[in-house]
Amino acid sequence: MARPKAKELTTRELEIMHVFWDRCASESEAQLTVTEVRDALEQSGRELAYTTVATLVRILVEKSFLKQTNDERPFLYCSIRSFDDVSGSMLGDMIQKVFGGSREKLLLRLLEERQLSPRELEKIKEILQEKP
């Protein structure tokens with residue numbers, strides 16, 4: 001019996017999504033070809049074969065993270081799900097799986113992990129003051 005496809009993103013799939021999210025932040029309606037995605041990954045120090053990137057893009061389309069926007073070659077793709085949506089979902093899953101749903105345990109673990117910079121500490125204070 002075949003194993004069902006995972007809905008979560010793998011590390012490589014997440015790398016691909018970051019290319020789309022980074023381009024969306026700098027351009028409206030970012031549509032990229034597989035070659036453009038591969039080139040962006042290469043510029044950031046990650047070299048993957050064209051066929052590997054094409055396969056990952058196809059999987060992301062199947063998982064409904066990306067959509068193909070044209071019918072002629074070269075195919076163009078754009079992100080369906082935003083960084084905020086995906087990161088929020090992944091963080092929620094991690095809090096549930098690792099910390100038993102406790103955001104307090106997550107925050108304590110983050111604070112124990114390393115010393116906060118003055119800027120980080122100030123930002124946390126601002127956020128806490130805004131919350132009711």
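I'm starting with a term I'll need: a residue is buried under 20% relative accessible area, exposed over 50%, and partly exposed in between. I also note that this is a predicted model.

**Entry: Glu 8 and Lys 97**

I looked up Glu 8 and found it partly exposed, because its relative accessible area is 44%. Its partner is Lys 97: the two side chains meet in a salt bridge, 3.9 Å from N to O. Where do Lys 97 and Glu 8 lie? Lys 97 sits in helix H4, while Glu 8 is in the segment before helix H1 (11–26), so the pair ties together parts 89 residues apart in sequence. Lys 97 itself is exposed, with a relative accessible area of 62%.

**Entry: Arg 46 and Glu 15**

Next I checked Arg 46, which forms a salt bridge with Glu 15. I noted 3.1 Å between the closest N and O atoms. This pair links distant parts of the chain, 31 residues apart. I placed Arg 46 in the loop between helix H2 (34–43) and helix H3 (50–62), and Glu 15 in helix H1. Are these two buried or partly exposed? Arg 46 counts as partly exposed because its relative accessibility is 26%. Glu 15, at 23%, counts as partly exposed too.

**Entry: inside helix H2**

Then I turned to a pair within one helix. The side chains of Arg 38 and Glu 42 meet in a salt bridge, with 3.4 Å from N to O. What separates Arg 38 and Glu 42 along helix H2? They are four residues apart there, which means about one helical turn lies between them. I have Arg 38 down as partly exposed at 21% relative accessibility. Glu 42 is partly exposed as well, at 41%. I also wrote down that Asp 39 joins in: Arg 38, Asp 39 and Glu 42 are linked in a network of salt bridges.

**Entry: the count**

How many salt bridges does a search of the whole structure find? I got nine. Among them are the Lys 97–Glu 8 contact, the Arg 46–Glu 15 contact and the Arg 38–Glu 42 contact.

**Entry: a nonpolar patch**

Last, I left the charges and went looking for nonpolar surface. Which residues make a nonpolar surface patch of about 250 Å²? I found Leu 91, Met 94 and Val 98. I followed up on Val 98, which has its place in helix H4 (residues 83–99). Val 98 counts as exposed, because its relative accessibility is 56% and the cut-off is over 50%. Helix H4 also holds Lys 97, from my opening entry.

Note on methods: Residues are numbered from 1 along each chain as its sequence is written. This is a predicted model: local features need pLDDT of at least 70, side-chain atom pairs count only at pLDDT 80 or more; totals for chains, interfaces and linings use all residues. Side-chain values use heavy atoms; hydrogens and water are left out. Patches are made of residues with over 30% relative accessible area and no salt bridge: like charges are joined within 9 Å, nonpolar side chains (Val, Leu, Ile, Met, Phe, Trp, Tyr) within 5 Å. Accessible areas come from the Shrake-Rupley method with a 1.4 Å probe; for residues, only the protein chains shown count as cover. A salt bridge is a side-chain nitrogen of Lys or Arg within 4 Å of a carboxyl oxygen of Asp or Glu. Helices (H or I, at least four residues) and strands (E, at least two) are DSSP runs, numbered from the N terminus. Buried means under 20% relative accessible area, exposed over 50%, partly exposed in between (1.4 Å probe, protein chains only).
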